[in-house]
Amino acid sequence: MQTKQSSRKAAQCHEVALKPSSEGFANGAGERPFASNYTERIKEMAKLTFVGGIHPYDGKELSKNKPIIDLVPQGEMVYPLSQHIGAPAKAIVKKGDRILRGQKIAEMGGAVSAPIYASASGTVKALEPRRTVTGDMVMSVVVDNDGLFEEIGFYQPAPLEKLSPEEIVEIVKDAGVVGMGGAGFPTFIKLSPKNPEKIDYVIANCAECEPYLTSDYRRMIEEPDRLIGGLKIMLRLFPHAYGILAVEDNKPDCIKVLRDLTRNEKRITVKALKTKYPQGAERQIIYAATGRKINSSMLPADAGCVVNNVDTIVSIYKAVVEGIPVMERIVTVTGDAIADPRNFRVPVGCSYRELAEAAGGFQVQPEKLICGGPMMGFGMFELNVPVTRISTALLALSKDQVSQMEPGPCINCGRCADACPGRLIPSKLADCAEYFEEDKFLAYDGLECCECGCCSYICPAKRPLTQEIKSMRRIALARKKERKAKV
């Protein structure tokens, strides 16, 4: 049995492992604030994680070893004006206009918004509502793709060393860079906290913990220089910060590549996090990599952190160094119903149907189509919808296991509470949601749920816990917003 003294000692060791060390980063030999031996460092850093979580089948073997290939769309291109958090963009083209690849077709529609660029040349044939992956009808710019992909001349950026922090943020803003891990939050806002001098860590979220997804993995393997270059650009904005490339330890090849390339970087380290879902969630990766905690009322900047995912950081690099706005992204097309699972570089606006056909189509008729991963993705009922900046994957499964489940009564086993990374009691929150007990829901800290799906996955009674909690959270947040507006 572990004594109190040994427990305290273990906790102190963990705290030391999480604590930043300026000596480790400043060492001219490139050593990190961990054990000197490479193997020992990997073993030590692999302990960095959070309490709770699950280990679902990850399905990554279907596409992880398939190099990224370029998809050349043939059909019409659809650009929804709302493919980010905040106000929809405002179209600056009209029906009949001839446009070129790289041309801005919509400008920011408010203080929190992002412009949109054409990814193909052609003629604007309509400005009208079109269906998106969530099933919503969204005002969109529809372009008749001419297949020529004629480009507008990209601007020539100034040398990085001559750019001020304000100029860097403005370039990122004008390039339409948003959170491309799925959130869609305009990146220029993340890069403009009130007190940049208080940012201690800039974290590159390289975890990619969502099952089946391998787009970030391929980026790290094929374009590590752009990833590291983007992280260096972010560090220019925060003079006192250290950069962390936070990678799950099921990607040892990525860890090695990134460590080799940053060996002599004084302000960047690679941390191997324990492989566990949802390790890549913002709160969990901040805690695992730094030991700091945030809640639903805080921003990462409140804990001295800035977090962006791999595709977002690469987009920052392309905007600032290469002068290229966001026009494409890497998308994983996978699942046991897909004939040839792989990763594609996809122009924004391309149809999901073309994406599926580029992967060989379906070898069996899928019962379930998902935009994104199986844990936090959206169920799709058709493929005639456009890829946007926040699309991450098309998952086609031959069996819809969830619809075949028959929920039963709660058996009070507590597994949902053990798995919850937010340390909540999902069964209680779901009960509150079922009976519309909003006050009790808030008393049980229902707003702290990150909707990761761990509780639904682990529940032996197959209760749709996440879905019920998610619905109640939407109601509670809407009423909170209404009350705030009245004040």
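## Close-up views of a predicted model

**View 1. Helix H14 and the helices that cover its buried residues.** In helix H14, which spans residues 426–434, the buried residues are Pro426, Ser427, Leu429, Ala430, Cys432 and Ala433. Here buried means under 20% relative accessible area, exposed means over 50%, and partly exposed lies in between, with a 1.4 Å probe and protein chains only. Helices (H or I, at least four residues) and strands (E, at least two) are DSSP runs, numbered from the N terminus. This is a predicted model, in which local features need pLDDT of at least 70 and side-chain atom pairs count only at pLDDT 80 or more, whereas totals for chains, interfaces and linings use all residues. Residues are numbered from 1 along each chain as its sequence is written, and side-chain values use heavy atoms, with hydrogens and water left out. The cover over the buried residues of H14 includes helix H13 (415–419), helix H15 (438–443), helix H16 (454–458) and helix H17 (465–486), where contact means heavy atoms within 4.5 Å. Just after H14 comes Phe436, which takes a positive phi of about 55°.

**View 2. Helix H4 and its buried residues.** Helix H4 runs over residues 165–174, and its buried residues are Ile168, Val169, Ile171 and Val172. These residues cover an arc of only 160° around the axis, which puts them on the same side of H4; the arc is that of the directions from the helix axis to the C-beta atoms. An α-helix has 3.6 residues a turn, so residues three or four places apart point the same way. Among the elements that cover the buried residues of H4 are helix H5 (187–190), helix H7 (224–237) and helix H10 (310–322). H4 is followed by Gly176, whose phi is positive, near 75°.

**View 3. An open sheet of four strands.** The strands of this open sheet follow the order S2-S8-S7-S4, and their pairing is antiparallel. Strand S2 (77–80) and strand S4 (98–99) stand at the edges, each with a single partner strand, so one side of each is left without a neighbour in the sheet. Two strands are said to pair if DSSP finds at least two bridges between them. S2 is joined to strand S8 (residues 137–145) by four bridges, and Tyr79 stands opposite Val141 in S8. S4 is joined to strand S7 (residues 122–131) by two bridges, with Arg98 opposite Thr123 in S7.

**View 4. The hairpin of S7 and S8.** These two strands pair in the antiparallel sense over nine bridges, and Val143 in S8 is the bridge partner of Val124. Five residues lie between the two strands of the hairpin, and Gly135 in the turn has a positive phi of about 95°.

**View 5. The largest nonpolar core, around Leu227.** A nonpolar core is a set of buried Ala, Val, Leu, Ile, Met, Phe, Trp, Tyr and Cys residues joined through side-chain atoms within 4.5 Å. The largest one has 44 residues, and those with the most contacts inside it are Leu191, Leu227 and Leu245. The elements that give two or more residues to this core include H4, strand S9 (201–205), strand S10 (242–248) and helix H8 (252–261). Apart from this core lies another, of 36 residues, among them Tyr79, Leu81, Ala106 and Cys350. When neighbours within four places in sequence are left aside, the residues in contact with Leu227 are Cys206, Met220, Leu245, Leu258, Val310, Ile313 and Val314.

**View 6. Tyr212 and Asn412, two residues with a positive phi.** Tyr212, found in the loop between S9 and helix H6, has a phi near 75°, a positive value in a residue other than glycine. With a relative accessible area of 12%, Tyr212 is buried. Asn412, in the loop between helix H12 (401–404) and H13, has a positive phi of about 55° although it is not a glycine. With a relative accessible area of 68%, Asn412 is exposed.

**View 7. The loops that hold Pro278 and Ala303.** Pro278 lies in the loop between S11 and H9, and a cis peptide bond, with omega about 0°, joins Tyr277 and Pro278. Ala303 lies in the loop between helix H9 (282–290) and strand S12 (305–309), and at 10% relative accessibility Ala303 counts as buried. Not counting residues up to four places away in sequence, Ala303 touches Arg292, Lys293 and Ile294.
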